[in-house]
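Here are my notes for you, in numbered points. Have the model open beside you and follow along.

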Amino acid sequence: MIGDESDRPDPARRRARGAVSNRSGRFESEARVAVDDGWDIAEELPPFRTEVAIDASRTVIARNSSPDIPFDRSINPYRGCEHGCIYCFARPSHAYLGLSPGLDFETKLLAKPDAPRLLAAELARPGYRPATIAIGTNTDPYQPVEKRMRIMRGVLEVLRDCAHPVSVVTKGALVERDADILGEMGRGGLAAVGVSVTSLDPRLARAMEPRAPAPARRLAAIRTLAAAGVPVRVMVAPVIPGLNDAEIEAILAAARDAGATMASYVALRLPREVAGLFREWLEEAYPARAARVMSGVRALHGGRDYDPEWGKRMTGAGVEAELIARRFRLARARLGLDRRGPPLDATRFRPPPRDPRQLSLFGPG
């Protein structure tokens with residue numbers, strides 16, 4: 001049997017990975033499949049290893065104008081994510097790199113080690129106007145490689161020194177390492193963190209998010225951040241009918257007890273290649289539930305795997321979507337998580353020197 005990473009690798013090769021397959025992205029002109037060539041020679045292929053390449057981008061702040069997203073700029077220190085969450089809506093972005101949204105997304109990462117320097121240069125431009133920068137909206141800034149590369153730490157140091165507001169989203173417990181910076185900024189109205197807790201069941205979480213921290217570790221991270229003075233939002237994201245939707249109230253209660261003061265949710269989104277990847281995973285991991293789960297997902301999205309319409313894509317629409325929304329609103333209000341944090345403060349922003357090498361002269365904000 002001759003195979004390659006574009007087909008369905010043996011389960012032993014993809015142990016602790018989320019995707020089942022590694023098919024070519026939608027922009028590739030050729031697709032490769034595994035075939036039996038008639039030879040009886042067993043060809044042992046190694047397990048998938050995480051590889052990190054350098055992203056040579058010359059800018060680091062990405063802009064968006066999506067009407068259903070509450071920010072207009074973001075930073076992503078990494079492309080691809082080793083957490084391997086099977087439902088990740090960012091997977092299709094790997095197709096633009098000529099890589100697979102499947103296993104490549106989890107194992108072939110691009111890092112931006114120059115992000116702090118590039119950020120300082122962009123903030124120093126004469127026409128720059130401050131507004132909250134969102135980090136972690138595409139891939140997780142606290143995925144395992146950050147422990148070694150410390151790019152996120154450098155980005156936060158630049159933002160702190162400039163008194164620039166930042167909003168972070170993560171499911172990585174490594175965020176605790178930066179509680180000193182985030183706490184200082186949070187107490188000054190400059191930072192808030194959203195922690196994603198998808199399930200309290202460690203077995204389900206491990207299946208869906210194979211290299212992300214266990215639920216108990218995420219709750220511990222909420223506790224650490226809250227104790228440091230960071231406003232923390234728990235994010236039940238994504239809500240998957242028939243898989244984790246029954247846990248909404250329990251997740252909110254556990255997060256409240258850990259120190260979260262706000263809460264939000266997002267319905268499962270399956271854009272482009274994610275739909276096929278999720279169905280493959282579901283049929284392998286939870287075959288008895290697969291049909292029921294996909295029926296519930298389609299009920300949220302007008303009979304389709306995904307409806308990308310603005311205003312609907314995050315919550316879905318219809319009877320099932322309203323039931324989820326109502327349950328969430330009632331639990332959030334009962335637990336006191338329905339408050340809105342004050343807007344982050346952009347009035348104290350001070351641009352760095354035009355030469356970003358001089359940024360350290362500022363000292364802490």
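1. Start with pLDDT, the predictor's confidence in each residue, from 0 to 100. This is a predicted model, where local features need pLDDT of at least 70 and side-chain atom pairs count only at pLDDT 80 or more, while totals for chains, interfaces and linings use all residues. Residues are numbered from 1 along each chain as its sequence is written, and side-chain values use heavy atoms, with hydrogens and water left out.

2. How does the confidence look? The protein chain averages a pLDDT of 90, and 90% of the residues score at least 70. Residues 1-6 stay under 50, and the model gives them 21 contacts (heavy atoms within 4.5 Å) beyond four places in sequence. Residues 360-365 are also below 50, with 15 contacts beyond near neighbours in sequence.

3. Now the sheet. Helices (H or I, at least four residues) and strands (E, at least two) are DSSP runs, numbered from the N terminus; two strands pair if DSSP finds at least two bridges between them. Seven strands form an open sheet with mixed pairing, in the order β2-β3-β6-β7-β8-β9-β10. β2 (62-63) and β10 (262-267) each have a single partner strand, so one side of each lacks a neighbour in the sheet.

4. Follow β7 next. β7 pairs with β6 in the parallel sense over three bridges, and Ile 135 has Val 168 as its bridge partner in β7. With β8, β7 makes a parallel pairing over five bridges; here Val 166 stands opposite Ala 191.

5. Which residues of β7 lie on its covered face, and which on the uncovered one? Val 166, Val 168 and Thr 170 are on the covered face, while Ser 167 and Val 169 are on the uncovered face. In a regular strand, side chains alternate between the two faces of the sheet.

6. β8 (residues 191-196) and β9 (residues 232-239) pair in the parallel sense over four bridges, with Arg 233 in β9 as the bridge partner of Gly 194. Helix α7 (residues 215-228) packs on the sheet and touches β8 and β9, at about 165° to β8 (angles run from 0 to 180 degrees between N-to-C directions, with axes fitted to C-alpha atoms, for helices over the stretch in contact).

7. Finally, helix α2 (residues 115-123). Seven of its nine residues are buried (under 20% relative accessible area, 1.4 Å probe, protein chains only), including Leu 118, Leu 119 and Glu 122. Their cover includes β3, β6 and α4.

Conventions. Buried < 20%, exposed > 50% of the residue type's maximum accessible area, 1.4 Å probe, protein only.
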